[in-house]
Amino acid sequence: MGPHPETSAEPAPATRTTPPRPAAYLRELAIRLLDRWRGYWLEPGGRTAAAVVRIAVAVSMLWMLWRMAGQPRAASQFYYRHGIWMLYPGRPDEAVLAAVTAVAWIATAAMLVGLWTRLAHVASAITTMALAAYAVSDNAAWSHTDVPPVLATLALLGARSGDALSIDAWWRARRGRPAAVGANYLGAVRLVQFAVAAVFVFAGYEKLRSGGTALAWALSDNLRHQLLTRFDWSGAERTAAARWLLGAAWRYQLCASMNLVSQVSPLLAVIFVRRPWLRALVGALWCSEVVGLGMVMGFWNPHWLPLGAAFIDWDALAARLGARRPVDPPPRSRARLWYATAFVVFFAAQGFWLNERLHAYPFSRFALFGTVRAKPPYRVHQTYELPGGHLEVLPAAPEVDAWLAQRGTYRWLWRERNPDTARQALANVLDDARRAWPAAGLTGARLWLSIFQAPAYPAPARLDRFDVAVLGELDRGAFRSAIGTILPDGKTWIAPPGAPALAQIQLFEIRNDLPAPVAVAATPTPTGFVLADPLRGDPVYLIGRTADQDRPWLVAFRSRRGF
């Protein structure tokens, strides 16, 4: 008897699963990511939240306008076009600014109460952004005092934020007209939250990136030197919190660590948007960071605080308080999806790469205090040196010099090396100073290259200034500068036209920002001189002093850092 067919037959081959092709896998992954992206911005709901955020943004901008009203407009001869003013020919006069201000107040107030909400929001966004950009037009790199409110109003732009808690909603209900169906509320709220959070997230990212894996931004003397740069560099009075932090290393290192946590944490609210308690906690940290900036750095921006409303799930809160939660269908239009995508991509491009190069106010990297102001090895207390500048007017007027030192407009003029540009810059400084101090009898201005040095901890925290050399001098219409040209050999120097008399000149080098001059030898030539050795160091400044002058002149420099 033969074998049973069921037992004698060979087993069927196992089913083999063909691994997905890489292209198919990537296509499937891309589809999933796109679905999640669409779901993030097109999720239904959020009508109450959009209304509350509208009110919060309007309050923030009205507060910003009120602060601007108490400050004089930028009256400096320096003018840099930022943001929307890139489209305007020339500099706006006072009549234009007054008209823009009037529209901003009226439109923002209408946005607050929800009267013709969407139209009022457009007018408010354009005019408040214009005023905020003009307020920082006296500097090539703007401050961020009014950036968060402007970013928030741009993020909310186009949303139907007047469908609740508004005159528009009351009037619509009174006339028996139904509310909008399929409007996108939640996507607008999430974009505002992203814009508000990104201000601090990018700042924290810059600090982590510059500090590296050693967390040098926090675990070094960096914050000590940041505080000295913030206050002593400009002659401003230190805050009480800054004085306390500078008293011990553990204090400023702990504060720096807490600062990193509070600045990066808003990213959690952006990711976990369906975790209301987590978002509220992160919003509290965001507000604490706003208060901390004022207490420690003296940058008081209370008009930012209403924007913390973007971190609260107002619809869920209203439901808990007994209010009927409206059931909104999915949004019909995908305009918010495209707007949010463009907003995020443009924001990321500015934050990671372009920064302020396009002058696209209010978008930037937010890298304030992002540089590690300490020298490796970071765990060792060392002196810290940084180059800077110093302006003085002619004849001497210490009170005017102090006024110039505290104005951010002039803080970076020392980086200027082009004689023509330096002359115009000093002319602008002199004009500004004469208008502010008409009785001082000013005839000129002088720009110094200076080295600032902080002694190593535990020495008392201070920033000493060493005036190294004159970059340029404008007096009674005559401009003088000794900055010449170093040929590629690193030794041959050609004097510039109109340079001060440099016969029998004594030459010194300032290397690596250390304020200790080193004498160098050179051989005179008909057009300048030839150094015995090429310039070395990064940076290195070549200083010349003549026997009949009491001040040195910058004659040449070399630096990979560009200044």
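A: First, a term: contact means heavy atoms within 4.5 Å. Among contacts in the protein chain between residues at least 6 apart in sequence, 72% join residues at least 24 apart. This is a predicted model, where local features need pLDDT of at least 70, side-chain atom pairs count only at pLDDT 80 or more, and totals for chains, interfaces and linings use all residues. Residues are numbered from 1 along each chain as its sequence is written, and side-chain values use heavy atoms, with hydrogens and water left out.

Q: What makes the place of Ser 265 a loop between two helices?
A: Helices (H or I, at least four residues) and strands (E, at least two) are DSSP runs, numbered from the N terminus. Ser 265 sits between helix 11 (249-264) and helix 12 (266-271). Overall, the protein chain comes to 17 helices and 12 strands.

Q: Which residues does Ser 265 touch, not counting those up to four places away in sequence?
A: Those are Val 282 and Leu 285. Also, a polar atom of the Ser 265 side chain lies 3.2 Å from the backbone oxygen of Ser 262.

Q: What describes the packing of helix 3 and helix 6?
A: Two packed helices are described by the angle between their axes and the distance between the axes. For helix 3 (residues 47-69) and helix 6 (residues 147-156), that's an angle of about 145 degrees, with the axes 9 Å apart. Axes are lines fitted to C-alpha atoms, for helices over the stretch in contact, and angles run from 0 to 180 degrees between N-to-C directions. Residues making the contact include Val 57 and Met 61 of helix 3 and Val 150 and Thr 153 of helix 6.

Q: What makes a set of residues a nonpolar core?
A: The set has to be buried Ala, Val, Leu, Ile, Met, Phe, Trp, Tyr and Cys residues joined through side-chain atoms within 4.5 Å. The largest one has 126 residues, and Leu 151, Leu 227, Phe 343 and Phe 347 have the most contacts inside it. Helix 8 (residues 186-211) gives the most to this core, with 13 residues. Apart from this core lies another, of 14 residues, among them Trp 448 and Phe 529.

Note on methods: A polar contact is a pair of N or O atoms within 3.5 Å; within protein, one must be able to donate a hydrogen and the other to accept it, and residues adjacent in sequence count only if both atoms are side-chain atoms. Buried means under 20% relative accessible area, exposed over 50%, partly exposed in between (1.4 Å probe, protein chains only).
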